[in-house]
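Hello,

Here is the structure I promised to pass on. Please have a look, then read my notes below.

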Amino acid sequence: MKHIEIKGKEIAIINLDGKYYAINDRCGHMNAPLSKGEIKNVQGKDIVTCPFHFSTFDIVTGKKLSEPKMSPPMDMVALPNLCRMLLLMPHR
Ligand code: FES
């Protein structure tokens, strides 16, 4: 996916097997850039998933297909203990 701006409008350009689509690059929920999201084909429909809260959008129509998920997905990797310790250490 590629982010472009034309006359102040942010657009995500998506190449699906040589066919190009242009959708609004900003998620209507909290303005995340959809061009940083993930493209998947779900049940024959090409979708992009918002990188912030995982709303999904139809790439062909640009329409929202699902609402934001405010809890982390089950396959999200937990913060390793070492990183957590580093964050909790006092900084000098
Ligand atoms: S910013 Fe896209 S779902 Fe929240």
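Why does strand E4 (residues 38–42) lie largely in the open? The model is predicted, so please read the answer with that in mind. Of the 5 residues of E4, the number buried is 0, and therefore the strand lies largely in the open. The cut-off behind that count is 20 or more other C-beta atoms within 10 Å of a residue's own.

**Where E4 sits**

E4 belongs to an open sheet of 4 strands. The order is E4-E5-E6-E7, and the pairing is antiparallel. E4 is an edge strand of this sheet, and so is E7 (64–66). Each of these two pairs on one side only. From one strand to the next, the twist averages 35°.

The partner of E4 is strand E5 (residues 45–49). The two strands run antiparallel and share 5 bridges. Two of the bridge pairs can be checked by eye. Asn41 is bridged to Asp46 in E5. Lys40 has Ile47 of E5 as its bridge partner. In general, side chains in a regular strand alternate between the two faces of the sheet.

E4 and E5 form a hairpin, with 2 residues between the strands. Look at Gln43 in the turn: its phi is positive, at about 50°.

**The other sheet**

There is also an open sheet of 3 strands, in the order E1-E2-E3. Its pairing is antiparallel. The edges are E1 (2–6) and E3 (19–24), each of which pairs on one side only. Neighbouring strands here are turned by 35° against each other on average, direction ignored.

E2 (residues 9–16) is joined to E3 by 6 bridges, and these two strands run antiparallel. For a landmark, take Ile11, whose bridge partner in E3 is Asn24.

**The chain as a whole**

The protein chain has 7 strands and 1 helix. Read from the N terminus, the elements run β-β-β-β-β-β-β-α. The chain has 92 residues, of which 15% count as buried. I also looked at contacts between residues at least 6 apart in sequence. Of those, 22% join residues at least 24 apart.

**To sum up**

E4 is an edge strand, and none of its 5 residues is buried. Its pairing with E5 runs over 5 bridges, and the hairpin turn holds Gln43 with its positive phi.

Best regards

Definitions and conventions. Residues numbered from 1 in each chain as written. Predicted model: local features only at pLDDT ≥ 70, side-chain atom pairs only at ≥ 80, totals over all residues. Buried ≥ 20, exposed ≤ 12 C-beta atoms within 10 Å, placed from the backbone. Pairing = 2+ DSSP bridges. Contact = placed C-beta atoms within 7 Å. Axes fitted to C-alpha atoms, helices over the stretch in contact; angles between N-to-C directions.
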